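This report looks at the disulfides of one protein. Please have the sequence and the 3D view ready before reading on.

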Amino acid sequence: MAAVVSLAFLVIWPSTCSGIRYFPSNTGEGVERFFRFAEAPEYRNAVECPAPSSGNEKASFCDCSLVHIAMTLDSEYLRGSIAAVHSVLRHTWCPESVFFHFIAGEFDPIGPRVLTRIVRSTFPSLNFKVYVFREDAIINLISSSIRPALENPLNYARNYLGDMLDPCVTRVIYLDSDVVLVDDIRKLWNITLTGDRVIGAPEYCHANFTAYFTNIFWSDPDLSGSLRKSPCYFNTGVMVMDLKKWRDGKFRRRIENWMEVQRKKRIYELGSLPPFLLVFAGDVEPVDHRWNQHGLGGDNVRGSCRSLHRGPVSLLHWSGKGKPWARLDEKKPCPLDYLWEPYDLYKPNSRGHRLRRSHPQPLALSTASNSFLFEYSNYFI
């Protein structure tokens with residue numbers, strides 16, 4: 001309880017900041033009117049932040065001074081993605097030194113271009129690029145899962161970051177859309193991936209691995225023997241990834257090999273996680289557990305309320321069925337959902353919920369010009 005109280009103090013402490021203004025839809029018609037978000041405050045770097053290595057005021061995404069973050073972007077979880085970005089910017093000392101790589105599905109109901117316009121209008125000075133992910137390119141590799149949401153092709157986009165992102169991007173932090181940061185993302189960025197390790201993430205070495213794989217897997221010594229001795233569970237919703245090692249080691253193909261086995265033999269039930277465990281479990285750089293307080297969305301069936309793990313908190317993760325925005329809208333929130341709410345920039349229409357008219361004090365304000373890129377990924381077209 002003390003951890004919850006102290007965390008709540010951090011994220012909702014009132015201030016003298018004036019309310020943030022709402023940014024209306026550019027079109028006045030179509031789907032964008034149903035996805036209205038308040039324009040976020042503009043954030044600027046503290047004086048201690050590294051200057052762009054290019055010497056230009058605005059860094060390109062190849063600049064080595066940048067922190068790179070990859071996230072998926074889709075209409076179903078858009079509200080969560082916007083809140084996650086807001087939390088990153090609000091808690092880092094160097095918001096202008098963060099570059100977001102958004103992966104949007106080609107067949108998203110509202111489309112990648114509309115999603116891009118929404119991000120741009122909500123965060124006018126954000127450094128970002130949107131990549132269009134051809135979902136039909138991998139649909140035949142995806143098998144049914146314990147929860148339909150886990151079958152979304154975008155859940156597998158993290159497998160292809162090494163192919164989609166420019167070769168000059170050699171490290172990236174992957175974040176799920178149902179997280180919020182309450183600490184500076186640069187601290188996570190600066191961890192060392194020792195030796196040949198490709199991924200850094202919080203590990204849980206007392207997890208029961210029998211729950212992640214079927215009897216078919218465990219009864220076949222060739223399959224079960226592929227796991228390293230004493231493997232540790234890790235959640236793929238928060239990972240630091242060395243993309244150079246990823247590309248050199250052809251890890252995308254290694255994961256696809258296990259997805260192909262799954263299509264033939266049904267060796268697991270839980271979406272995109274088990275192939276990562278098969279390839280990496282036991283060889284992950286351990287990161288402090290504070291960087292993924294996961295499971296706050298409950299299990300994959302009921303989505304019941306859960307409490308924080310013991311220890312300090314830097315990132316909250318609503319993995320599981322229950323999402324904070326849905327429970328808040330239904331007036332059935334879990335206690336920890338109120339810690340997500342201050343980052344929510346969604347502006348409901350007048351028929352439903354009350355409008356949010358103010359937010360706590362941002363770290364700093366800026367008039368930096370917009371940096372926005374949009375492209376189809378050559379790998380998937």
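Which cysteine does a disulfide join to C205? In this predicted model, the partner is C232, with an S to S distance of 2.0 Å. The link is right-handed, with 100° about the S-S bond. C205 is partly exposed at 44% relative accessible area, whereas C232 is buried at 9%.

The structure holds four disulfides. A disulfide is a covalent bond between the sulfur atoms of two cysteines.

| Pair | S to S distance | Angle about the S-S bond |
|---|---|---|
| C62 and C168 | 2.0 Å | -80° |
| C205 and C232 | 2.0 Å | 100° |
| C305 and C334 | 1.9 Å | -85° |

The link of C62 and C168 is left-handed. C62 sits in the loop between α1 (2-12) and β1 (67-73), and C168 in the loop between α4 (161-164) and β4 (171-175), so the pair connects parts 106 residues apart in sequence. C62 is partly exposed at 39%, and C168 is partly exposed at 29%.

The link of C305 and C334 is also left-handed. Its ends lie in the loop between β10 (285-286) and β11 (315-317) for C305 and the loop between α11 (324-329) and α12 (337-340) for C334, so parts 29 residues apart in sequence are tied together. C305 is partly exposed at 45%, but C334 is buried at 3%.

With the bonded cysteines numbered in sequence order, the pairing reads 1-3, 2-4, 5-6, 7-8.

Note on methods
Residues are numbered from 1 along each chain as its sequence is written. This is a predicted model: local features need pLDDT of at least 70, side-chain atom pairs count only at pLDDT 80 or more; totals for chains, interfaces and linings use all residues. Side-chain values use heavy atoms; hydrogens and water are left out. A disulfide is a pair of cysteine sulfur atoms within 2.5 Å. Helices (H or I, at least four residues) and strands (E, at least two) are DSSP runs, numbered from the N terminus. Buried means under 20% relative accessible area, exposed over 50%, partly exposed in between (1.4 Å probe, protein chains only).
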